[in-house]
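Please have the sequence and the model open side by side.

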Amino acid sequence: MNEQVYRRVLRRETHRPRTVAAIIVAVALIALAAAGAWLAVDRAARRGAVAGIDALSDPRIATAVGIVAGVLALVLILYALLPGRIRRRALSRDRLALLIDDRVVANGVADAVARACDVPRTRVSALVERRRVTVRVTPTSGVPTDEAMVRTAAEAALANARIPLAVAVRVNEKGAIA
Amino acid sequence: MNATNRVLNRALILIAGLLLAGVAALAIRPAWADQGLDAAREVRRRMDGIRISGLESLSLSAIVACAIAVLAVIALVWFVFAHGGGRISTVRRSPRRLGEVSVDRSVAEEVLARPLRERPDVIAAHLSSFRVKGSRTIRVTVRPRRGADLATIIHAFENAVAEWDALAGEQDPVVLHLAEARLRDSWSSEARVS
């Protein structure tokens with residue numbers, strides 16, 4: 001039973017709910033539908049609305065309206081259909097489910113590398129993607145940084161927290177002056 | 001986390017997108033609009049042959065259009081107010097021979113969130129509870145301090161969960177969320193004063 005609950009929670013917590021956009025769209029549609037109901041029963045208002053639409057019959061204005069509506073339509077359709085992932089890891093443990101923000105993972109890996117390789121933390125950065133973390137290190141000028149050491153430190157940090165991510169290492173050729 | 005129906009969110013945004021795409025097509029190709037208007041006029045002409053007693057001043061097409069619009073408004077207002085919900089304040093309810101035992105969220109907060117909140121490598125920890133698929137589910141959100149060892153925090157939480165399980169007598173779903181620090185967290189000091 002808990003597995004089903006965890007699956008649902010992890011799915012919901014790693015994908016955007018799209019609530020704000022849906023509420024904005026709903027409020028806009030309520031205004032349009034209310035205006036439509038009013039126009040349906042009030043003949044004078046309907047005549048006014050038709051006159052207003054006729055005033056927009058200039059082809060340049062119509063094209064501009066069409067382009068704006070088309071772009072907005074594309075944005076909404078893509079927003080509705082794309083997965084909308086949140087930058088967060090979802091992991092299942094023996095007893096509990098675990099969610100870790102990618103930025104937390106990145107900071108954890110960069111901190112571990114900085115400590116292990118004795119490089120200032122400001123010169124270590126980590127970028128977490130879906131299946132791997134890329135660690136970039138700018139060594140102190142004249143003090144070589146061992147790429148294998150960086151990799152080992154990053155892998156150890158991930159293995160300790162049991163986060164399944166591959167590690168890629170980039171050590172800048174040009175060092176920085178300490 | 002709440003009980004919002006996300007499929008409906010997506011469906012409404014998609015419908016709005018398709019409506020706007022229709023508007024865009026009609027604005028750029030007015031000939032299509034003319035064809036559509038002709039078809040609408042034909043439908044209206046056929047409907048307006050029928051009159052409803054008591055509403056002679058209104059055509060049938062106006063009544064139908066108004067009814068559809070009113071139904072749409074009602075459905076959309078329901079949609080807006082159906083958002084949220086699902087949070088619960090009782091994390092455990094155990095029936096006993098005489099009555100039942102209810103455990104409040106604050107008890108779980110003390111057992112699961114407080115030990116983490118008191119750690120120097122944690123900025124903040126708070127607990128929320130909600131119902132998922134009929135199960136009372138606990139989520140603890142923890143904001144680790146920069147430089148914290150994640151494995152240690154997870155291990156500390158696992159210990160707290162073991163304590164909670166022993167106390168509750170059953171294993172309810174528990175979720176730990178290690179969240180990034182917010183901007184205001186960067187002003188919090190590492191030193192704790194008791």
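Predicted model: local features only at pLDDT ≥ 70, side-chain atom pairs only at ≥ 80, totals over all residues.

Residues are numbered from 1 along each chain as its sequence is written, while chains are lettered from A and ligands numbered from 1 in the order in which they are written.

**Layout of the chains**

Chain B holds five helices and five strands. Helices are DSSP runs of H or I with at least four residues, strands are runs of E with at least two, and both are numbered from the N terminus. The order along chain B is α-α-α-β-β-α-β-β-α-β. Chain B has 194 residues, and 25% of them count as buried. A residue is buried if 20 or more other C-beta atoms lie within 10 Å of its own, exposed if 12 or fewer, and partly exposed in between, with C-beta atoms placed from the backbone.

Two residues are in contact if their C-beta atoms, placed from the backbone, lie within 7 Å. Take the contacts in chain B between residues at least 6 apart in sequence: 56% join residues at least 24 apart.

Domain bounds come from an automatic or database domain assignment. Chain B gets domain 1 (6-81) and domain 2 (90-187). Their C-alpha centres lie 50 Å apart. Chain A is divided into domain 1 (17-81) and domain 2 (88-171). Here the C-alpha centres are separated by 49 Å.

**Where the chains meet**

The contact takes 52 residues from chain B and 52 residues from chain A. On the chain B side, α1, α3, β4, α5 (150-168) and β5 each supply at least two residues. The most come from α1(B), with 15 residues.

**A sheet built from both chains**

Which strands make up the open sheet, and in what order? There are five, in the order β1(A)-β2(A)-β5(B)-β4(B)-β3(B), and the pairing is mixed. The edges are β1 (88-92) of chain A and β3 (122-132) of chain B; each has a single partner strand, so one side of each is left without a neighbour in the sheet. From one strand to the next, the twist averages 15 degrees.

Strands of a sheet pair through backbone hydrogen bonds, either parallel or antiparallel. Two strands count as paired if DSSP finds at least two bridges between them.

| Strand pair | Sense | Bridges | Example partners |
|---|---|---|---|
| β1(A) and β2(A) | antiparallel | five | Ser92(A) and Ala97(A) |
| β4(B) and β5(B) | parallel | five | Arg139(B) and Val175(B) |

Strand β5(B) is mostly covered: five of its five residues are buried. Val174(B), Leu176(B) and Leu178(B) point one way, whereas Val175(B) and His177(B) point the other way. In a regular strand the side chains alternate between the two faces of the sheet.

Next, a helix that crosses these strands. Helix α5 (residues 102-117) of chain A lies across β1 and β2 of chain A together with β4 and β5 of chain B. It runs at about 75 degrees to β2(A). Axes are lines fitted to C-alpha atoms, for helices over the stretch in contact, and angles run from 0 to 180 degrees between N-to-C directions.

**Helix α3 of chain B**

Helix α3(B) covers residues 60-81, which is 22 residues. The expected span is 1.5 Å times one less than the number of residues. That gives 32 Å, and the end C-alpha atoms are 32 Å apart, which agrees.

Ala62(B), Ala69(B), Leu76(B) and Phe79(B) are buried in α3(B). They cover an arc of only 120 degrees around the axis, which puts them on the same side of α3(B). The arc is that of the directions from the helix axis to the C-beta atoms. An α-helix has 3.6 residues a turn, so residues three or four places apart point the same way.

What do the buried residues of α3(B) pack against? Their partners are α2 (19-41) of chain A and α1 (6-28) of chain B. On the other side of α3(B), Ala67(B), Leu71(B), Ile74(B), Trp78(B) and Phe81(B) are exposed.

**One residue: Glu147(A)**

Glu147(A) sits in helix α6 (residues 147-160) of chain A. It is partly exposed, with 14 other C-beta atoms within 10 Å. Leaving aside neighbours within four places in sequence, Glu147(A) is in contact with Val169(A) and Val171(A). Asp101(A) is 46 residues away along the chain, and its C-alpha atom is 26 Å from that of Glu147(A).
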